[in-house]
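Please view the sequence and the structure together before reading on.

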Amino acid sequence: VDVNGTIMSPLYWAIRDGKFNIGRYMLQDLLAIRADREAYYYGRVELWKTHPDLINVLCHEAPDLIEDLFDGLLWHSQTVNNGRVRVNYYIQELFSDPLEVE
């Protein structure tokens, strides 16, 4: 969004204005896994591309939203096998790829 000549993310705008419920809704919507007949859709990659400093911003300006971010980076199966549930954590962007570190 262009605000007085400055490009600002709607997510950061909501956070900086103290509209944490809107920020929470945006995070939940971006990190929802969706599917249709053609493909699966998950906004995690786009979120990190456009907000590489997201953790820093959340820690300093909206720590209550960190839990929502982490919830969105987790997928769990609905199937229970022998009392266990398969879980995937999508945390590469939090730690980076060790093969890319010099």
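**Basis of the description**

A residue is termed buried under 20% relative accessible area, exposed over 50%, and partly exposed in between (1.4 Å probe, protein chains only). The model is predicted: local features need pLDDT of at least 70, side-chain atom pairs count only at pLDDT 80 or more, and totals for chains, interfaces and linings use all residues. Residues are numbered from 1 along each chain as its sequence is written, and side-chain values use heavy atoms, with hydrogens and water left out.

**Confidence**

The pLDDT is the predictor's confidence in each residue, from 0 to 100. The protein chain averages 90, and 94% of the residues score at least 70. Helices (H or I, at least four residues) and strands (E, at least two) are DSSP runs numbered from the N terminus.

**Nonpolar core**

A nonpolar core is a set of buried Ala, Val, Leu, Ile, Met, Phe, Trp, Tyr and Cys residues joined through side-chain atoms within 4.5 Å. The largest one holds 15 residues, and Ile15, Leu27, Leu47, Leu54, Leu58 and Leu69 have the most contacts inside it. Two or more residues each come from helices H1 (10-16), H3 (44-50), H4 (54-61) and H5 (66-72).

Contact means heavy atoms within 4.5 Å. Leaving aside neighbours within four places in sequence, Leu69 is in contact with Leu27, Leu31, Leu47, Trp48, Leu54, Ile55 and Leu58.

**Salt bridges**

A salt bridge is a side-chain nitrogen of Lys or Arg within 4 Å of a carboxyl oxygen of Asp or Glu. The whole structure has 4 of them. One joins Arg24 and Asp68 (2.7 Å, N to O). Because Arg24 lies in helix H2 and Asp68 in helix H5, this pair ties together parts that are 44 residues apart in sequence. Arg24 is partly exposed at 22% relative accessibility, whereas Asp68 is buried at 13%. Beyond its neighbours within four places in sequence, Asp68 is in contact with Arg24 and Gln28.

Another salt bridge pairs Arg44 with Glu93 (2.5 Å, N to O). Arg44 belongs to helix H3 and Glu93 to helix H6 (residues 92-95), so the pair links parts 49 residues apart in sequence. Arg44 is buried at 15% relative accessibility, while Glu93 is partly exposed at 29%.

**Backbone at Asn82**

Most residues other than glycine have a negative phi. Asn82, although not a glycine, has a positive phi of about 50 degrees. Asn82 is placed in the loop between strand S5 (74-81) and strand S6 (84-89), and is exposed, with a relative accessible area of 82%.
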